[in-house]
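Hi there,

Here is the structure I promised to pass on to you. Have a look at it first, and then read on for my notes.

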Amino acid sequence: MQIGVIGTGIMGSNVSRCLSRKKVKLGFYNRTISKAEMLANEVGGKVYKSPRELVEESDVVIVFLPSDDDVREIAIKISEKGNLKEPHVFVNASTVTPMASLDTMRILDSAGVRYIEGPVYGSADEARECKLISFIACDKTTYDEYKSIFELYSLKTYYVGTPPKASVLKLALNNLGLAFPALLAESLMLLESWGVELELFKEVSETLWFNEIINRYWSRAMEEKPPRFKTWMVGKDYSYVASALKAKKLPSFLSDALSAMYLMASVNGYGEKDYPRIIKYYLELARKTRS
Ligand SMILES: NC(=O)c1ccc[n+]([C@@H]2O[C@H](COP(=O)([O-])OP(=O)(O)OC[C@H]3O[C@@H](n4cnc5c(N)ncnc54)[C@H](OP(=O)(O)O)[C@@H]3O)[C@@H](O)[C@H]2O)c1
């Protein structure tokens with residue numbers, strides 16, 4: 001069996017490292033072909049110049065692309081030459097809006113490609129160690145047929161129902177899980193701008209219930225490390241939470257604010273950095289008020 005991976009960045013490359021230890025062949029497609037070639041050299045597998053060709057030669061393709069637009073663009077490239085000779089399966093593991101997920105499903109359907117929503121929770125380490133949590137949305141028969149594929153790279157797999165329910169569940173989890181660095185950034189800005197010692201804040205918080213959360217982000221905020229999840233993508237996820245709420249005519253105060261906080265740091269040079277580094281960005285901003 002061949003599994004294709006579209007998008008060989010942080011998630012796609014680490015899931016490929018996981019899959020290279022299973023009994024499957026691998027195929028790759030990436031916008032910057034050289035990145036896919038480097039991965040193929042490391043883990044074995046064939047690099048494709050077109051996503052359609054990769055889909056045609058793979059039993060399943062798993063897609064890790066940054067945004068709604070990228071996923072739609074790839075679906076169009078796969079579908080624009082009409083029906084594929086045999087049915088193929090497209091697992092969208094990217095974090096997208098429910099609206100884009102439904103669009104992608106319609107585009108692929110027109111070429112006879114079966115669409116499965118399969119966003120994941122976990123980052124580079126969990127992907128490499130085959131310990132992601134997968135949320136799957138498709139019809140139940142398709143889920144039962146492909147469950148063993150999701151289990152190759154997942155510690156746990158949840159069947160959520162039909163699309164776009166898995167995308168919605170993933171956004172709801174990220175909405176909570178990614179908020180803390182932004183809240184911590186705002187607290188530290190407040191302390192720094194009024195001249196209160198950050199270490200004192202940290203010492204006091206050691207006696208409080210949220211100490212574990214502060215420790216989780218403190219060193220990732222203060223030291224430069226390779227990104228596990230890029231700041232601009234967290235901004236994107238919050239803008240997706242906001243637009244999914246707006247699509248239902250519901251308020252999105254918090255997701256709009258959090259999106260703006262992450263995106264402001266992104267446009268000021270932090271976009272490609274690990275997202276807890278926004279704490280460093282906002283601290284620098286506060287320091288300027290004291291100089
Ligand atoms: N990182 C995480 O912790 C994490 C966890 C869960 C879910 N996710 C989700 O997984 C998805 C991928 O995230 P990531 O962190 O792996 O991002 P990433 O490191 O930026 O990787 C994205 C890859 O997609 C390629 N790409 C972008 N646009 C493309 C296009 N139009 N056609 C073909 N290839 C394209 C990029 O190619 P280039 O080399 O040309 O840039 C890059 O290799 C996102 O939806 C993200 O929200 C991420």
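**Salt bridges, a disulfide and a surface patch**

Glu 56 is partly exposed, with a relative accessible area of 34%. Its salt-bridge partner is Arg 52, and the closest N and O atoms of the two are 3.6 Å apart. Arg 52, in contrast, is buried, at a relative accessible area of 10%. Both residues belong to helix H3 (residues 51-57), where they sit four residues apart, about one turn of the helix. Before going further, please keep in mind that this is a predicted model.

Asp 144 and Lys 140 meet through their side chains in a salt bridge of 3.0 Å, N to O. These two are separated by about one helical turn because they are four residues apart in helix H7. Asp 144 counts as partly exposed, at 46% relative accessibility, and Lys 140 is partly exposed too, with a relative accessible area of 40%.

Asp 274 and Arg 220 also form a salt bridge between their side chains, at 2.9 Å from N to O. This pair links distant parts of the chain, 54 residues apart: Asp 274 is in the loop between helix H13 (253-270) and helix H14 (278-288), while Arg 220 is in helix H11 (residues 211-222). Are these two partners buried or exposed? Asp 274 has a relative accessible area of 2%, so it is buried. Arg 220 has a relative accessible area of 9%, so it is buried as well.

There is also a network of salt bridges, which links Glu 192, Lys 280, Glu 284, Arg 287 and Arg 290.

Now to the cysteines. How many disulfides does the model contain? The count comes to one disulfide. It is formed by Cys 18 and Cys 130, with their sulfur atoms 2.3 Å apart. The link of Cys 18 and Cys 130 is right-handed, with 120° about the S-S bond. This pair, too, links distant parts of the chain: Cys 18 is in helix H1 (residues 10-19) and Cys 130 is in the loop between helix H6 (124-128) and strand S8 (132-137), 112 residues apart. Cys 18 and Cys 130 are both buried. Cys 138 is in no disulfide, and the nearest cysteine sulfur, that of Cys 18, is 19 Å away. With a relative accessible area of 3%, Cys 138 is buried.

Back in helix H7 (residues 140-153) you will find Thr 142. Thr 142 is buried, with a relative accessible area of 4%. Leaving aside residues up to four places away in sequence, Thr 142 touches Arg 114 and Ile 116.

On the overall layout, the protein chain is divided into domain 1 (2-164) and domain 2 (178-288). The C-alpha centres of domain 1 and domain 2 lie 30 Å apart. Twelve residues from domain 1 and eleven residues from domain 2 take part in the contact.

Last, the surface. Leu 190, Trp 194, Val 196, Leu 200, Val 204 and Leu 208 make a nonpolar surface patch of about 620 Å². One of them, Leu 200, is in helix H10 (residues 198-205). Leu 200 is partly exposed, at a relative accessible area of 45%.

Best wishes

Conventions: Residues numbered from 1 in each chain as written. Predicted model: local features only at pLDDT ≥ 70, side-chain atom pairs only at ≥ 80, totals over all residues. Heavy atoms only, no water. Patch = residues over 30% accessible without salt bridge, like charges linked within 9 Å, V, L, I, M, F, W, Y side chains within 5 Å. Areas by Shrake-Rupley, 256 points an atom, 1.4 Å probe, with all protein chains shown as cover. Salt bridge = Lys/Arg side-chain N within 4 Å of Asp/Glu carboxyl O. Buried < 20%, exposed > 50% of the residue type's maximum accessible area, 1.4 Å probe, protein only. Disulfide = S-S within 2.5 Å. Contact = heavy atoms within 4.5 Å. Domains from an automatic or database assignment.
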